Amino acid sequence: MNRISRRLTFTFISQIVFVLVALAIGTIFFLVYVGMQLESEPELQQLSSSSNSTLRQTFSIENGKVLLDSNKISELEKRGEWLQIVDTHGKVLASSKLPSDVPSQYTPGQLVAFWQQSIPFPYELTISQEEKSGHTYFVLVGQKHDARQLAEKLALEWDGYQFSQRGEQLLKEANGALQIYSSSGEVIQKFGKVKKPKETLILDDLLGDEADNLRNNGGQYVYYDAEKQQTWVVEFASGAVMMAEDGDKTSYYIGKALLIYGVALILFIVATAFWYGKRFGQPFLYIVSLIQTLADGKYHEQDANKNGITLNRRGKMKRSYHLFREINNSLNDLKQKLEQNETLRKQIEQTREEWIVGVSHDLKTPLSSINGYAHVLESAPYNWSQEEFQRIGKTIREKSTFMSDLIDDLSLTYRLKNNALPMNRQIQEVNEIIRRAVIHFINDPQFTTYDISFYASEEPILYLLDMKWFTRIIDNMISNAIKHNPPRTKIDIIVQKESDNLFTVRINDSGNGMDQSTLDKLFERYYRGTNSEENTSGSGLGMSIAKQLTIAHGGEIFAYSKSGRGTTIVLNFYS
C-alpha cells in the first residue's frame, strides 16, 4: 500500500504541475496574441507627440548628419503632424511632411513667438531640446489645430445667445460639435453631435486623459469667453469618433482574446475532467464492480483480463489501471482464491456426504449383528452352550468396540479442530514409545502376514510429547499401511535424529501406492480411498487425526507415493 500511496502522490503532483504549466502556456499565448493585435494597429499604441521620449527617438546622428527614424516619423504623419530638426542657429537640418507655409529658417525670437502664439501661426508647436553627439538640437512638431481654428471662426458668429446662419454652416461643414457651458458648469447650448455629451462640466472633463488625447490629436479645443463667462468646448465629431473607435478596438481585441482564452480554458478544464474521470473513475468502477461480483458469490464469471477490460491488445495492463495494479491484482487473486475455496467446499461437502453414507453403513453393519444376536438370545427356545455364549459375546463386544471407535474418532477430530484437546506433554524417549507401538502390531495375530520392522535411531531422542496421542499418531500410520495394502507387504518404521533440533519418523511400505488424486486428499477429513481392492471400512478420519496430532506436537507431516511403488510417510518434529 505504501507503493500505491507514493504512486498516487507522484501522479497527482505531476498532473497538477502539468495543469499549471498548461495554464501558464495558455496565458503566455493570450498575452502574445493581445500584443500582436495591438502591434498590428499602430494607432492604438501611439504616444503623444509631446512626449520627450518620443521626440528623442525620432532622429539620430551619424557622421554629423541627422537621420530620421522612419517608424516614428510614420506615426507622426498618421496623426497629421510635421516635424523639423533645428540647430541652435535656427537652421532646419531635417524635416518630415513639411507644409509650404512653415519656414525653413527661424530667428530665435520668431520661433518663440510662434510657439507662444504671440504672432499668428496656423500650427501649434511642441518643442523639445535634445543633446546628441555633443551638440544641441531642437525637435519641432507642428500640428494644425482644426478645432481651435473652428472655435476662432465660430466666436465671430456668436452674439451671446445664438449663432448666425454662417456659424451653423461652419459647424456642419466641419462635421464639428459645440457645447457652451455657463459659469456654474451647466450646459447652455449644444450644436452638432458629440458621442459623450456632458450635461454638467467639471475640471476632470477638460484635464483628463481622454480630453488630453482629443486635444493632442486636434480633435478638441476649449475656449473661454471672459466677457460672458462662458466655456466653449469645440470638438470634431470625427476626431471624437476616432478616439472612441481606438478605445473600442482596444476593448475589442482584448475582449476577443479574453473570449478565446476563456473558451480554451473551459475546453481544457472539461477535457481534463473527462480525462481524470476516465483515468481514475474507470478503474474504481471496475474495482467496485468486482467487489460486488465477489459479494454476490459470482466467482465463475469471465475474467476481466481475458475479455479486454484491463488489458490492451498487446496483453499489457492499460495505463488507467496501472495506478491501482496492486489492488486490481489482489482482487483478482482473491477472486481466484474464493473460486478455489468454493470448488473445494463443494468437494468437501460431497466427500462428507459420501463419508456419512459410508460411516452410516459401517455403523449399520455391527448394529445389525448386535440386533440379530439380541433377538436370538431373547426369543429362541434354545439352551446355549458356554462356547456359543462366548462367541456371541465376543461378536457383540467387537461390534460395539468398532462403533465406539468411530464415535471417538469423530469426537476427536472436532476437538482437534477447535483446539479443545487436553494434552499432558512430558519429556519422553521417542525410540521407546515408537518401539512399544510397533511391537503391538507385530504381536497381533491378525497382522502376522505383514512384514513389520522397526529401526531406532543410534542416539536417544528426548522430546516433549503426550504419550497417548503420540502413540495414536504411530498407530494410525501403521494401521493405514496395513489396511490399504495386501498381505506380505513390507512395512518399515525408521526413527532418525537429523540434528539437535530435528528428528524424523518414516513409515515406508512396499504396497500398492496411491495415485496423485488420492495423495492430494490423503490428510483431508472424511476422505477414504475408493480403490475396489482396498478395505474402506473405518471412519476416514485416521490420517486427518494423525496430521492434526502431529501439528499439535510441533511437527509436520508429508506423504510420497506412486501407484504400484509403495508409500512413504515422513513426520518431522522440531524442538
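Colleague: What ground rules apply to the model?
Modeller: The model is predicted, so local features need pLDDT of at least 70 and side-chain atom pairs count only at pLDDT 80 or more, while totals for chains, interfaces and linings use all residues. Residues are numbered from 1 along each chain as its sequence is written, and side-chain values use heavy atoms, with hydrogens and water left out.

Colleague: What does the pLDDT of the protein average, and where does it stay under 50?
Modeller: The average is 78, and 79% of the residues score at least 70; pLDDT is the predictor's confidence in each residue, from 0 to 100. Residues 42-50 stay under 50, and the model has 25 contacts for them beyond four places in sequence, a contact being heavy atoms within 4.5 Å. Residues 530-536 are also below 50, with 7 contacts beyond near neighbours in sequence.

Colleague: How many helices and strands does the protein have?
Modeller: There are 16 helices and 17 strands.

Colleague: Why does Ser453 count as buried?
Modeller: Buried means under 20% relative accessible area, exposed over 50%, and partly exposed in between, with a 1.4 Å probe and protein chains only. Ser453 has 15% relative accessibility, so Ser453 counts as buried. Ser453 sits in strand β12 (residues 451-455) and touches Lys490, Ile491, Asp492 and Ile493, leaving aside residues up to four places away in sequence. Of the 575 residues of the protein, 36% are buried.

Colleague: What makes the pair of Phe121 and Tyr123 edge-to-face?
Modeller: Rings of Phe, Tyr and Trp (its six-membered ring) pair if their centres lie within 6.5 Å; planes under 30 degrees apart are stacked, over 60 edge-to-face, and the rest tilted. Phe121 and Tyr123 have 5.6 Å centre to centre and 65° between the planes, an edge-to-face pair. Both Phe121 and Tyr123 are buried. The structure holds 10 aromatic pairs.

Colleague: Why are β4 and β5 said to stand at the edges?
Modeller: Two strands pair if DSSP finds at least two bridges between them. The open sheet of 4 strands runs β4-β3-β6-β5, with antiparallel pairing. β4 (92-96) and β5 (124-132) each have a single partner strand, so one side of each is left without a neighbour in the sheet.

Colleague: How do you know that β5 and β6 pair?
Modeller: 9 bridges join β5 to β6 (residues 135-143), running antiparallel, against a requirement of at least two. Glu131 stands opposite Thr136 in β6.

Colleague: What lies across β5 and β6, and how is the angle defined?
Modeller: Helix α4 (residues 108-116) lies across them, at about 130° to β5. Axes are lines fitted to C-alpha atoms, for helices over the stretch in contact, and angles run from 0 to 180 degrees between N-to-C directions. Helix α3 (residues 70-78) lies across β3 (81-86) and β4, at about 135° to β3.

Colleague: Which strands are the edges of the sheet of 5 strands?
Modeller: The order is β12-β14-β15-β17-β16, with mixed pairing. β12 and β16 (555-561) are the edge strands, each pairing on one side only. Within this sheet, 8 bridges join β14 (residues 490-499) to β15 (residues 502-509), which run antiparallel.

Definitions and conventions: Helices (H or I, at least four residues) and strands (E, at least two) are DSSP runs, numbered from the N terminus.
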